[in-house]
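Thanks for making the time this morning. I would like to go through one structure with you, starting with a helix contact and then turning to aromatic rings.

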Amino acid sequence: MRKCMGLLGLCILLAVFCGAPEEGPKAETEKPAEKTGADVYYATLGESELQRFIKAVPVFKAAVEKIESEFESTEGPQDFASMLGQYSILNERVPELEANLKAAGMAWEEFWPAMGKTYMAIGAVVMDSVMTSMKTQMEGTQPEMVKEMVKGMEEASEIYKEVPQVNRDLVRKYWAQLASVLEFE
């Protein structure tokens, strides 16, 4: 449960520090490669893309472990943006990462957006589950503090409202594999 809550916190912070999706209609002709920033995390995740991501995660983790001691401390939530910045240029710091990811079936340019979309979908699934569980457990009389907690969770879940349902469904379908490679419960 602790890992799951840590993952949820990671996803919430990812969305908070990377911004929310743009408001308004998006151009129909926009190609996925043209998307930038938070738009990437709210794009549709394909099943093949998720399968390749799962296969490539161990390569990414090995690269992180290789230079982990060089990373600045990211102990608190205030350092989360720094951690993302460090990971986002990992391909520059580990020269063989690009070749290793390609050998695993997913180039860096595909891996990084797939990672963002997957983590946002995992966060949305976890948040959906937590919200459903909390509401079920707290039916009936609720102390004021519990009501405030539910309200806070509902506000936090707003960052996941733009996560496509297909992404949530894929994450649910591949939950066991994702839990294994990303090491969460």
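Which residues in helix 7 meet which residues in helix 10? Thr 118, Tyr 119, Ile 122, Val 125 and Val 126 in helix 7 are in contact, meaning heavy atoms within 4.5 Å, with Trp 175, Leu 178 and Leu 182 in helix 10. Helices here are DSSP runs of H or I with at least four residues, numbered from the N terminus.

Before going on, please keep in mind that this is a predicted model, in which local features need pLDDT of at least 70, side-chain atom pairs count only at pLDDT 80 or more, and totals for chains, interfaces and linings use all residues. Residues are numbered from 1 along each chain as its sequence is written, and side-chain values use heavy atoms, with hydrogens and water left out.

Now to the rings, where Phe, Tyr and Trp (its six-membered ring) pair if their centres lie within 6.5 Å, planes under 30 degrees apart counting as stacked, over 60 as edge-to-face and the rest as tilted. The count by this rule is 6 aromatic pairs. Phe 60 and Phe 111 have ring centres 5.0 Å apart and planes at 35°, so this pair is tilted; it links distant parts of the chain, with Phe 60 in helix 3 and Phe 111 in helix 7, 51 residues apart. Both Phe 60 and Phe 111 are buried, that is, under 20% relative accessible area with a 1.4 Å probe and protein chains only. Trp 108 and Phe 111, with centres 6.1 Å apart and planes at 25°, are therefore stacked. Finally, Phe 53, Phe 60, Trp 108, Phe 111 and Trp 112 form one aromatic cluster.

Conventions
Helix = DSSP H or I, 4+ residues; strand = E, 2+ residues; numbered from the N terminus. Buried < 20%, exposed > 50% of the residue type's maximum accessible area, 1.4 Å probe, protein only.
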